[in-house]
Amino acid sequence: MKKILLPLLLSALASAPAQAAGKIGNAKAGEAAFLKCASCHQVGKYAQPAYGPQLNAIVGRKAGTSAGYKYSEAMKRSGLVWTEANLAAFLRAPHDVVPGTSMRFWGIGDEQQVADLLAYMRGLR
């Protein structure tokens with residue numbers, strides 16, 4: 001019984017971060033919501049660091065490691081890996097997740113918008 005339940009539990013836990021507070025994200029809506037991020041962050045084939053780091057392949061990346069961007073010491077020392085759960089928390093309250101971050105953004109209170117952004121960022125390569 002344990003041999004069957006453990007893989008099922010691990011599978012459920014692995015898929016849980018894909019949602020923000022129980023919301024299922026829509027990548028198309030997330031792309032539209034990303035416009036508020038685009039003033040500082042770039043994505044896509046020609047993305048470069050700007051006022052903020054480029055965000056291609058952010059899911060699974062260690063925080064503070066994107067080439068060409070000068071991160072705050074707080075971000076470099078955070079030890080975070082950008083899982084969907086960590087990204088969701090950071091999108092909600094960046095300064096609570098990484099005190100001392102240089103990100104000039106207060107956060108997103110709308111859980112559906114967080115879920116949509118996660119769905120969009122999941123597909124960035």
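1. T101 is buried, with 6% relative accessible area (buried means under 20%, exposed over 50% and partly exposed in between, using a 1.4 Å probe and protein chains only). The residue sits in the loop that runs between α5 (94-97) and α6 (111-122), where helices are DSSP runs of H or I with at least four residues, strands are runs of E with at least two, and numbering starts from the N terminus.

2. This is a predicted model, in which local features need pLDDT of at least 70 and side-chain atom pairs count only at pLDDT 80 or more, whereas totals for chains, interfaces and linings use all residues. Residues are numbered from 1 along each chain as its sequence is written, and side-chain values use heavy atoms, with hydrogens and water left out.

3. Leaving aside neighbours within four places in sequence, T101 is in contact (heavy atoms within 4.5 Å) with S72, A74, M75, F90, P94 and H95.

4. On the cysteines, the structure holds zero disulfides, a disulfide being a pair of cysteine sulfur atoms within 2.5 Å. The sulfur of C37 has its closest cysteine sulfur in C40, at 8.6 Å, which is too far for a bond. C37 counts as buried at 15% relative accessibility, while C40 is partly exposed, with a relative accessible area of 24%.

5. Y46 belongs to the loop between α2 (27-33) and α3 (73-77), and this residue counts as exposed because its relative accessibility is 66%. The C-alpha atoms of Y46 and N56, which are ten residues apart along the chain, are separated by 10.0 Å.
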